[in-house]
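Please look at the protein below. The report covers a few backbone details and then the ligand site.

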Amino acid sequence: MSDIILGIESSCDDTSAAVIKDGWLLSNVIASQDVHKAYGGVVPELASRAHELNIVPVVSEALSRAGVAASELSAIAFTRGPGLLGSLLVGTSFAKALGISLGIPLVMVNHLQGHLLAGFVKEPGKEVRQLSFPYLCLLVSGGNSQIVKVSSPLEYEILGQTIDDAVGEAFDKCSKMLGLGYPGGPVIDHLAKQGDANRFKFAKPHIPGLDYSFSGIKTSLLYFVRDQIALDPDFMEKNKEDLCASFQKTLIDILMDKLVKAAKQTGIREIAIGGGVSANSGLRARMLEEGAKRGWNVYLPEFKFTTDNAAMIAIAGWYHYLAGERCALDVAPVSRMADF
Ligand code: KG4
């Protein structure tokens, strides 16, 4: 008999539902929240309200696009955390209510594990190209920057992570600081394509081992721009493309230095990226370049699986389901990774 899993994702500002049948994606619906643009960042209270508005239509649409009746579902996989608590509560409570009404089990998923396994979502009519275990995943988003060794769908080990800001946060905060807009990653990525990445130099942090730090570069960009504007008030307007290209290159250099080190230390040549920042065109190009140079098998997720989506939650949930894991109805969401 087939396993049909409904995935629900609501950890931040995207309400998403997906249906997966034996690992094959039947639908993946995402409702993004534009309400945060005016504030230059996600406002947790507004995010929870928008999830509350979106969750029922998004799930209905996912079932209808999949051509699956709710009564055919085998289980519901939902994101338990990490993320914004109010947002997670909406998805968790909805999953519980639907699970009870249908009499089917719930499976809880760590959002980050979803990003790690996004590459295992199979799509009808598309080439199936999956990684083999073990692989290293550079997990880069607005809340995380990690190098993770994935040994099987349910076994993973964090080899290094940021000790302060996430790289997505560095993109977002710096874009806001420079008055370029939100979310900062796509804006900087776009401007960087038209600029000279070697024009300006920013100091890189010296952090031991495989850990990262991105708070220093933010400050060095701030001081640099402040000093330049003191000399020429039009500095930003004249140089924003070069500035974005140079800043983005520095972030990519920092990410890649540690990833190369991790690959050397572990001897692993299967390398993936995941999370919102993995949509960055400079990072994707650099991964392919390093991969060709170092003999890596590089896996770049499709754009639609880089940002938050329920397809990755459904696939991760399916692996938990196959392993016989079920979650109790008194489960509560958790906001921090450490609480998982
Ligand atoms: O994974 P995600 O959708 O949400 C979580 O943080 O969980 O990641 C969002 C982050 C934001 O910081 C956004 O600026 C960044 O991903 N991002 C990008 C790009 N697209 C999204 N960063 C760099 N370049 C991009 N093209």
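Which loop holds Asp 22? Asp 22 sits in the loop between β2 (14–21) and β3 (24–32). Helices (H or I, at least four residues) and strands (E, at least two) are DSSP runs, numbered from the N terminus.

This is a predicted model: local features need pLDDT of at least 70, side-chain atom pairs count only at pLDDT 80 or more, and totals for chains, interfaces and linings use all residues. Residues are numbered from 1 along each chain as its sequence is written, and side-chain values use heavy atoms, with hydrogens and water left out.

**Backbone details**

Most residues other than glycine have a negative phi, and most peptide bonds are trans. Asp 22 has a positive phi, near 50°. A cis peptide bond links Gly 81 to Pro 82, with omega about -10°. Pro 82 is in the loop between β4 (75–81) and α2 (85–102). Another cis bond joins Tyr 182 and Pro 183, with omega about -5°. Pro 183 belongs to the loop between α4 and α5.

**The ligand site**

Where does the ligand lie relative to domain 1 and domain 2? Domain 1 (4–127 + 305–322) and domain 2 (135–303) both give residues to the shell around the ligand, so the ligand lies between them. The domain bounds come from an automatic or database domain assignment.

The shell has 19 residues; Gly 142, Asp 172, Asp 189, Gly 276 and Asn 280 come nearest. By class, the shell has five nonpolar, eleven polar and three charged residues. Here Ala, Val, Leu, Ile, Met, Phe, Trp, Tyr, Cys and Pro count as nonpolar, Asp, Glu, Lys and Arg as charged, and the others, Gly among them, as polar.

The table gives polar contacts, here pairs of N or O atoms within 3.5 Å.

| Backbone N or O atom of | Distance to an oxygen atom of the ligand |
|---|---|
| Gly 142 | 2.7 Å |
| Gly 143 | 3.4 Å |
| Gly 185 | 3.0 Å |

The elements giving two or more residues to the shell around the ligand are α3 (111–117), α4 (167–177) and α5 (184–192).

Key: Near = heavy atom within 4 Å. Polar contact = N/O pair within 3.5 Å; in protein donor to acceptor, adjacent residues only side chain to side chain.
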